Amino acid sequence: MVIIVIASTAAHSYFWSSRNISFILADSMVTTILALGETFVMLSRGIDLSVAPMMGLSAVIVGFRVQDHGLTLVPAILLGIAVGLALGLGNALLVAIVGLPPIIATLGTLSVYGGLQFVITGGRQVDTVPNSFTDLGSKLLFHGVPRLLILGLVMVGITGFVLRHTVFGRSVYATGDDAEAAFRAGIPVKRTLFFCYLICGACSGLAGVVYLMRTGSAVATTGTDNNSNLLAIAAALIGGTALTGGRGGAVGALAGAVFLSLTLAAMVFAHIGAVWQPAGVGVLILLAVVGDPRTRKLAVHRWRFRGRRP
Amino acid sequence: MTVIALPRRRLVPGWGLTLAGLVALELIYFTLSTRHFAGHGSGMLALTEQFSPTGVLALGLAVVILTGNIDLSAGAAASLSAVVMGVELQHGWNLVAAGIVAIAVGTAVGLFNGLVIAMLGIDSLLVTLATQFIATSLATSIGGENPPYGFSKSFLRLGTGTVGAIPVDLIVFAVLALAVVATVTRTAFGRALTLIGYSRLAAEYSGITTRRTLTLVFTMSGAFAGIAGVVLAAYYNSARADTGTTLLLPAITMVVLGGVDIFGGRGRVGEVVIAVFLLGYLTQGLLIEGYSSLTATMVTGILLIAALVFKVWLGRGTGESFISAAQRLLAKRGRPARE
């Protein structure tokens with residue numbers, strides 16, 4: 001995967017300007033943070049299709065507070081996370097407590113949250129965000145390093161630590177790998193799942209605020225209109241997190257998101273029309289899953305005798 | 001091969017009856033609350049024009065979901081077919097030839113899905129997620145900056161015309177629905193695909209050519225998406241690249257609301273048909289009452305969740321042990337507990 005990144009950069013020498021690269025990196029942070037949340041859910045053998053409206057709702061709610069009531073930076077971030085937590089709680093209840101299949105529960109909340117976002121905006125939009133926000137989104141810390149990248153890296157670090165070195169993180173892997181084994185081993189499967197969806201919500205909420213910093217605007221269709229959902233899932237997948245649970249990690253989400261942004265930017269540089277960008281993402285997903293022999297269902301023993309641990 | 005009798009355990013007695021009751025309630029409510037809704041009886045029929053294409057999409061998806069897979073590319077494939085149809089008509093193609101080619105394009109998308117999923121053994125969610133993106137790009141680029149519009153009257157009859165009082169696209173939907181019901185319940189192929197959804201392992205051990213069946217199932221879904229796309233082009237009198245994509249979520253909702261188990265192996269296409277009417281009339285009724293389309297979408301989501309919570313709640317206390325229940329619910333593709 002690294003090779004492809006190098007190849008795509010080498011093909012366009014002008015591509016490797018620090019300004020361009022830092023722009024791409026900053027751009028990929030929204031997807032990265034979404035993908036981090038999605039990683040938790042996917043590791044537990046679930047899927048969350050509602051990250052896009054959760055992010056959009058957070059961006060819209062925080063945006064209005066900032067625009068109309070002069071909310072400052074730190075409370076805004078906290079509010080965004082709180083909104084995400086509240087929405088994630090809905091998913092968590094449906095999946096972990098009621099026991100609905102994740103794909104259906106989050107498909108339902110996708111519609112509900114999307115509608116809610118529309119109702120809240122009521123046709124208005126956020127367009128005047130103070131400089132304290134947009135500076136963080138677009139200014140560089142020092143030469144070539146955008147400030148957002150630091151935020152993203154910190155998030156990846158925290159996520160990686162939680163997944164690798166805490167009881168909860170190990171429970172997530174165990175639950176996703178084999179829920180029954182985890183249950184029999186005394187792992188609180190329901191509680192683990194519950195927190196996975198909660199964390200995914202919080203990450204989406206944070207991503208909403210970051211989106212606000214990055215673009216300085218938010219409308220009723222923010223998140224849902226540019227396929228953030230699928231981009232987040234694609235980033236996690238390309239980063240090596242398996243849809244079947246129990247395999248993957250935080251760094252993969254970062255790598256996947258950056259790789260995705262890089263490739264899309266490279267396509268722009270190669271004068272490939274914007275209409276082909278979705279196709280690029282599609283081909284990348286296909287290549288990632290076809291190229292990874294571990295994703296194949298070789299015979300029927302795949303999930304049963306998978307000795308590999310992350 | 002002898003016919004395999006699948007153990008049919010009904011989680012909720014008479015789910016179809018419940019749905020039908022809801023449809024009746026809904027129709028009565030909207031008729032009373034909105035004067036224009038019934039429109040002397042024919043208006044109610046005419047409303048089906050709005051959701052027949054979604055219904056066709058849902059039929060194809062129902063078959064896929066019965067095998068325990070999912071086809072996220074169906075909506076995009078429908079868009080692609082619609083655009084292809086529009087471009088062909090603009091170039092003065094013969095109606096029948098254009099229709100066949102447009103449906104063939106949708107079928108090709110399905111065939112590609114099927115081949116990759118069945119032959120390479122990759123999760124259908126991933127593959128169709130990818131082909132969804134690819135089909136969308138294709139549709140956008142073929143459609144160009146100015147999507148084709150303004151087709152001949154004879155073609156538009158397919159989308160907005162009527163035979164007697166019955167809209168043509170409702171007839172298309174009805175014929176396809178009957179065909180799918182017959183295929184799933186009365187043929188060896190239908191039995192095979194249900195068994196694959198119930199337990200792929202058991203299907204393989206009982207000599208079913210699971211790969212061929214899966215490929216066929218996805219091809220079928222692609223073909224249905226193609227038909228839906230052609231009908232959509234005729235209905236809107238234009239072929240934009242996003243016509244079909246927005247229908248995917250309602251179509252999946254219809255299938256799940258119709259009681260098809262998302263893990264496969266359980267469900268009746270007949271009940272999906274009732275769910276198509278339930279959701280279709282609900283959306284249209286809300287729109288006529290002046291709610292925005294996003295509010296209608298929100299209600300759709302709430303309905304989906306409520307229906308499932310209701311079902312899960314009723315399914316409790318059927319003697320299923322907690323572990324097997326937990327396993328069934330946790331597993332995304334429902335592999336455990338079936339083998």
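Residues are numbered from 1 along each chain as its sequence is written, while chains are lettered from A and ligands numbered from 1 in the order in which they are written. Because this is a predicted model, local features need pLDDT of at least 70 and side-chain atom pairs count only at pLDDT 80 or more, whereas totals for chains, interfaces and linings use all residues.

## Confidence over whole chains

Chain A averages a pLDDT of 78, and 80% of its residues score at least 70; chain B averages a pLDDT of 80, and 85% of its residues score at least 70. The model scores ipTM 0.73 and pTM 0.79.

## The make-up of the two chains

Chain A has 13 helices and two strands, and chain B has 15 helices and two strands; helices (H or I, at least four residues) and strands (E, at least two) are DSSP runs, numbered from the N terminus. Of the 310 residues of chain A, 57% count as buried, and in chain B buried residues make up 56% of the 339 residues. A residue is buried if 20 or more other C-beta atoms lie within 10 Å of its own, exposed if 12 or fewer, and partly exposed in between, with C-beta atoms placed from the backbone.

Among contacts in chain A between residues at least 6 apart in sequence, 78% join residues at least 24 apart. In chain B, residues 24 or more positions apart account for 77% of the contacts with a separation of 6 or more.

## Where the chains meet

In the model, 47 residues of chain A are in contact with 45 residues of chain B. On the side of chain A that touches chain B, the elements that give two or more residues are helix 4 (73-98), helix 5 (102-121), helix 9 (179-184), helix 11 (228-238) and helix 13 (277-291) of chain A, and helix 5 gives the most, with 14 residues. The residues of this side divide into 33 nonpolar, 10 polar and four charged; here Ala, Val, Leu, Ile, Met, Phe, Trp, Tyr, Cys and Pro count as nonpolar, Asp, Glu, Lys and Arg as charged, and the others, Gly among them, as polar.

## The largest nonpolar core

A nonpolar core is a set of buried Ala, Val, Leu, Ile, Met, Phe, Trp, Tyr and Cys residues joined through C-beta atoms within 7 Å. The largest one has 213 residues, and those with the most contacts inside it are A:A234, A:I285, B:L57, B:A62 and B:V255. Helix 10 (residues 189-215) of chain A gives the most to this core, with 16 residues. Not counting residues up to four places away in sequence, B:V255 touches B:A58, B:L61, B:A62, B:I65, B:V260 and B:V272.

Helix 11 of chain B has 27 residues (210-236), which at 1.5 Å a residue should span 39 Å, and its end C-alpha atoms are 39 Å apart, in agreement; the expected span is 1.5 Å times one less than the number of residues. Since 23 of its 27 residues are buried, helix 11 of chain B is largely enclosed by the rest of the structure. Just after this helix, B:N237 takes a positive phi of about 60°.

Helix 4 of chain B, with 17 residues (74-90), should span 24 Å, and its end C-alpha atoms are 24 Å apart, which agrees. This helix is mostly covered, as 15 of its 17 residues are buried, and just after it B:G92 takes a positive phi of about 75°.

B:L156 lies in helix 7 (residues 153-160) of chain B and is partly exposed, with 17 other C-beta atoms within 10 Å. Not counting residues up to four places away in sequence, B:L156 touches B:F151, B:A234 and B:N237.

A:I97, in helix 4 of chain A, is exposed, with 11 other C-beta atoms within 10 Å. A:R45, found in the loop between helix 2 (18-43) and helix 3 (51-69) of chain A, is buried, with 26 other C-beta atoms within 10 Å, and A:R45 has a positive phi of about 60° although it is not a glycine.

Key: Contact = placed C-beta atoms within 7 Å. pLDDT = per-residue confidence, 0-100.
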